[in-house]
Amino acid sequence: MNSMASQVDDIVRVLPGSEDDHGTRAAELSDAALCELYETQVLARTFDEKAISLHRQGRIGTYAPMQGQEAAQVGAAMALRSSDYLFPTYRDHAMYLSREIPLSEILRHLMGRGNYVDRQDPEGLRTFPITIPIATQLPHAVGVGMAADYKGEEVAAMASLGDGATSEGDFHEALNFAGVFEAPAVFFCQNNGYAISVPRERQTASATIAQKADAYGIEGVRVDGNDVLAVYDVVENALERARRGDGPTLIEAVTYRQGPHTTTDDPNVYRDESECEEWGCPLERTREYLETTVGWTEADDEAVYEDARETVQQAVEIAEAETDPDPETMFDHVYAGDHPRYARQRRRLPDEPRVER
Ligand SMILES: Cc1ncc(C[n+]2csc(CCOP(=O)(O)OP(=O)(O)O)c2C)c(N)n1
Ligand SMILES: [Mg+2]
C-alpha cells in the first residue's frame with residue numbers, strides 16, 4: 001500500500017508520454033478492441049452534444065454532460081464482462097454504450113418515458129439505472145456483489161461515483177463493509193475536479209481520493225482518467241481481483257468535467273474556463289495513439305463521426321416515436337410484490353397526469 005506522500009504523484013498512465021511500465025492488460029487488446037475504445041468515445045461525445053441541444057429545445061429534461069470524461073467511462077465499462085454488475089450515476093451515459101443498452105433507452109429515460117429496467121427481466125439485470133441521490137448505489141453494489149459471491153458466481157460489482165460522493169456516509173459504509181467482508185466490489189471514482197461548484201480541494205483534506213482506501217484496508221489506485229488504456233488496465237485488474245476473491249478496490253480516475261454540472265448550471269460563476277484547456281481532450285489522445293499504432297486516418301475518423309451522428313439521430317427518432325408509459329407503471333419494481341400503501345397511492349393518482357414539456 002502506498003504512503004500518503006507517494007500517492008499524490010503515483011498515477012498510472014499508459015498512453016505515450018508516460019514512462020511507466022503499466023499497461024500489460026491493455027497491451028493484450030486487439031487492434032479492433034483498441035479502435036472500439038475510440039469509436040465508443042466518439043459516439044459518447046456525439047450523443048452528449050445532441051443531448052445538450054435536445055435540452056435547449058425542451059425535448060429532454062435536465063441533462064448532466066460528460067464531456068472530458070469519455071475515456072474514463074468507456075475504459076472502465078469496456079473492462080467489465082457482461083456477467084459483471086454495473087451501478088452508474090447520472091453522468092455515466094457513456095458507460096451504457098459498452099453494455100449493449102440502446103441509446104434510445106437512455107433518451108427515453110431523459111424524456112421521462114420510463115427506462116429499460118421497466119422492460120427487462122429482473123433476473124437478467126446487470127446494469128442498474130442511473131442513481132441521482134449521491135452514493136446510494138455504493139452499498140447496493142456491495143450487497144449485490146456479496147449475494148453473487150454467496151451463490152458461487154465469479155463476478156464483480158462495479159459502482160461508479162464522483163469525487164463529491166466521497167463525502168457521503170454511504171461511501172464510508174460501503175467501503176468499510178466491502179473491506180471487512182472482502183466483497184467482490186470495485187469503486188470507480190471519477191474525480192472530475194468538482195461537485196457542482198465545490199472544487200475537489202474543498203471536498204476533502206486528503207491529498208488523494210485513492211488513499212482513502214487505506215482506511216478500509218482495501219486496495220487504492222490512482223489513474224490518469226483521460227488515458228483510456230490506463231483506465232482499462234487498472235479497472236480490468238481490479239475486476240479480476242474481485243472475481244477471484246482477492247477483495248475490493250477503490251480507483252480514483254483523475255479527469256476533468258469540461259462542461260457545466262448540468263444543463264441548468266453556469267460554471268463561469270465559479271471557475272475560470274481557461275482551466276478546461278489545461279486538461280486536453282481524451283478523444284484526441286486516443287486518436288493520436290491509434291494513428292501511430294493501427295494507422296488510423298483522417299478518412300477513418302470522418303467515417304466514425306458520420307456513423308455516430310447517424311446512430312444518435314436514429315436513437316432520437318425511436319425515442320420520440322414512443323408514447324408515454326402508463327403512469328401506473330411508476331409502482332412497478334419499487335417492491336418485489338404489492339405493498340399495502342399502493343392502494344391509497346393509486347387512488348390519489350390523477351386520471352390523466354400531464355407533464356408539461
Ligand atoms: C444525497 C444527495 N445529496 C445532494 C445531492 C445534490 N447533488 C447532485 S449532484 C451533486 C454533486 C456530486 O458531485 P460528484 O460526486 O463529484 O459527481 P459529479 O456531479 O461531479 O459527476 C450534488 C451535491 C444529491 N443528488 N443527492
Ligand atoms: Mg465531481
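**Figure legends: close-up views of a predicted model**

Figure 1. Aspartate 163 belongs to the loop between strand S2 (157-162) and helix H8 (169-180), and asparagine 192 to the loop between strand S3 (185-191) and strand S4 (194-195), so the pair ties together parts that are 29 residues apart in sequence. Aspartate 163 and asparagine 192 are both buried.

**Figure 2. Overall fold of the protein.** The protein contains 15 helices and seven strands. Its radius of gyration is 20 Å, close to the 21 Å that the globule rule gives for 357 residues, so the protein is as compact as a globular protein of that length. The C-alpha trace spans about 65 × 50 × 40 Å along its principal axes. Among the 357 residues, 50% count as buried. Of the contacts with a separation of 6 or more, 75% are made by residues 24 or more positions apart. The protein exposes about 17,100 Å², of which carbon and sulfur atoms supply 47%.

**Figure 3. Helix H4 and its burial.** Helix H4 comprises residues 70-78 and is mostly covered, with nine of its nine residues buried. The buried residues include Glu70 and Gln73. Also among them are Ala71, Ala72, Val74, Gly75, Ala76, Ala77 and Met78.

Figure 4. Leucine 103 is part of helix H6 (residues 103-110). With a relative accessible area of 8%, leucine 103 falls under the 20% limit and is therefore buried. Beyond its neighbours within four places in sequence, leucine 103 is in contact with Leu43, Phe47, Leu97, Thr311, Val312 and Ala315. Alanine 44 is 59 residues from leucine 103 along the chain, and the C-alpha atoms of the two are separated by 9.8 Å.

Figure 5. Strand S7 (residues 249-254) contains leucine 250. Leucine 250 has a relative accessible area of 0% and is buried. Apart from neighbours within four places in sequence, the residues in contact with leucine 250 are Phe171, Leu175, Phe187, Cys189, Ile209, Ala210, Lys212, Ala213, Ile218, Glu219, Gly220 and Val221. Leucine 250 and valine 186 are 64 residues apart in sequence, with a C-alpha to C-alpha distance of 6.1 Å.

Figure 6. Threonine 255 is located in the loop between S7 and helix H12 (274-279). Its relative accessible area is 1%, and threonine 255 is buried. Not counting residues up to four places away in sequence, threonine 255 touches Gly68, Gln69, Gln190, Asn191, Asn192, Gly193, Gly225, Asn226 and Trp279. The C-alpha atoms of threonine 255 and proline 282 are 9.2 Å apart, the two residues being 27 residues apart along the chain.

**Figure 7. Positive phi at glutamate 100.** Glutamate 100, a residue other than glycine, has a positive phi near 60°. Glutamate 100 lies in the loop between helix H5 (93-97) and H6. At 77% relative accessibility it is over the 50% limit, and glutamate 100 therefore counts as exposed.

**Figure 8. Positive phi at isoleucine 196.** Although isoleucine 196 is not a glycine, its phi is positive, at about 50°. Isoleucine 196 occupies the loop between S4 and strand S5 (198-199). With 43% relative accessibility, isoleucine 196 counts as partly exposed.

**Figure 9. Glutamate 291 in helix H13.** Glutamate 291 is found in helix H13 (residues 282-293). The relative accessible area of glutamate 291 is 39%, and the residue is partly exposed. Glutamate 291 and aspartate 121 are separated by 42 Å in space, C-alpha to C-alpha, and by 170 residues in sequence.

Notes: Residues numbered from 1 in each chain as written. Chains lettered and ligands numbered in written order. Predicted model: local features only at pLDDT ≥ 70, side-chain atom pairs only at ≥ 80, totals over all residues. Heavy atoms only, no water. Helix = DSSP H or I, 4+ residues; strand = E, 2+ residues; numbered from the N terminus. Buried < 20%, exposed > 50% of the residue type's maximum accessible area, 1.4 Å probe, protein only. Rg over C-alpha atoms; globule rule 2.2 N^0.38 Å. Contact = heavy atoms within 4.5 Å. Areas by Shrake-Rupley, 256 points an atom, 1.4 Å probe, with all protein chains shown as cover.
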